[in-house]
Number of protein chains: 2
Amino acid sequence: MITPDEFKAAFRLHPAGVALITADPSGTPIALTASSVSAVSADPPLVMFSVSVQSSSAEVLRRAETVVIHLLASHNVDLAVLGATSGVDRFADTGRWSRLSTGEPVFDDAHTWLRAQVLHRIDAGGSTVFVCTGIQARLAETASTDGLVYRNRTWHRVGADSVVELPQLVAG
Amino acid sequence: MITPDEFKAAFRLHPAGVALITADPSGTPIALTASSVSAVSADPPLVMFSVSVQSSSAEVLRRAETVVIHLLASHNVDLAVLGATSGVDRFADTGRWSRLSTGEPVFDDAHTWLRAQVLHRIDAGGSTVFVCTGIQARLAETASTDGLVYRNRTWHRVGADSVVELPQLVAG
């Protein structure tokens, strides 16, 4: 088995898209930044993410039947920071968020979000893996927005300026 | 429930780090590119990823007890393309890969890889979610390598040139 430090070193340089996850199972909304969101299946529409049990929002999140997964663009980096900062009231700026008719908080600056129903909560080491079905979506109106990536403790932008030119595949 | 097309549209713009996963449970090595690899827990060291059952390697991968997860850098984009291209022999260039003493194939250009034991295989829609424990690692010798990201059907580079400047958090 490798050590926790080796494991963290391996993943520190692995880039990840950034999402802000909100829920409100108990009348007190929560929001947390997650870099583990990934699409599992399109038909049925399934998405998964993991959250450390040490996260301040973990206990409330485990009780949620539905969540809103905001897929953040680079201009949403302030939302990513907000959801990753300890000890702040993430809902203090009441002009930034509203509630869906079903009650979940949404941050209106996010160009894409999914409302999803939690299907499975799987305990895995010091984290919980959530598998959810998409039940409602707001889709970006344009594909020209840059994406937001977290890597090596830093926020990054991906878009037209970061495209990699493909080399020719060399035959063996 | 949202449609598969809406779900795909939502995730098309969500950036993801890129990995090449190899295994050889049956004497015929497999390699496939995955953009769903994420760290779940550092202690114990747990990693998860999902693979579509439609992938040509899915059936062999389900039989694997161990896998090697190569976390790719931008200069490894040819490995990412190789593992994502249908109908090619991904092991044809015998100078590019070798075998660990435990038998798994490794592509030597990858600066970081984890050998991991499969703990759980979870059926989820048209995919299988794998949860694995890290048991051996090769770590990058330098943090100066750029990362590789997949977004909107395009490969991207993240590194010093893609850093986002942080705005000041505005109090509510």
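Visitor: What should I know before I start?
Guide: Residues are numbered from 1 along each chain as its sequence is written, while chains are lettered from A and ligands numbered from 1 in the order in which they are written. Because the model is predicted, local features need pLDDT of at least 70 and side-chain atom pairs count only at pLDDT 80 or more, whereas totals for chains, interfaces and linings use all residues.

Visitor: What rotation superposes chain B on chain A?
Guide: A rotation of 180° with 0.0 Å of shift along its axis does so, with an RMSD of 0.0 Å, when the copies are fitted by least squares on the C-alpha atoms of residues with pLDDT of at least 70 in both. That is the relation of a two-fold axis.

Visitor: And which residue of chain B comes closest to that axis?
Guide: That is B:Ala16, whose C-alpha lies at 2.6 Å.

Visitor: How many residues are in contact between the chains?
Guide: 69 residues of chain B are in contact with 69 residues of chain A, where contact means that C-beta atoms, placed from the backbone, lie within 7 Å. On the side of chain B that touches chain A, the largest share, eight residues, comes from strand E10 (residues 127-138) of chain B, strands being DSSP runs of E with at least two residues, numbered from the N terminus.

Visitor: Why do the copies meet through the same surface?
Guide: Because 100% of the interface residues of chain B are also interface residues in chain A.

Visitor: New topic: what is A:Leu72 in contact with?
Guide: Leaving aside neighbours within four places in sequence, its contacts include A:Val18, A:Leu79 and A:Leu148.

Key:
Contact = placed C-beta atoms within 7 Å. Helix = DSSP H or I, 4+ residues; strand = E, 2+ residues; numbered from the N terminus.
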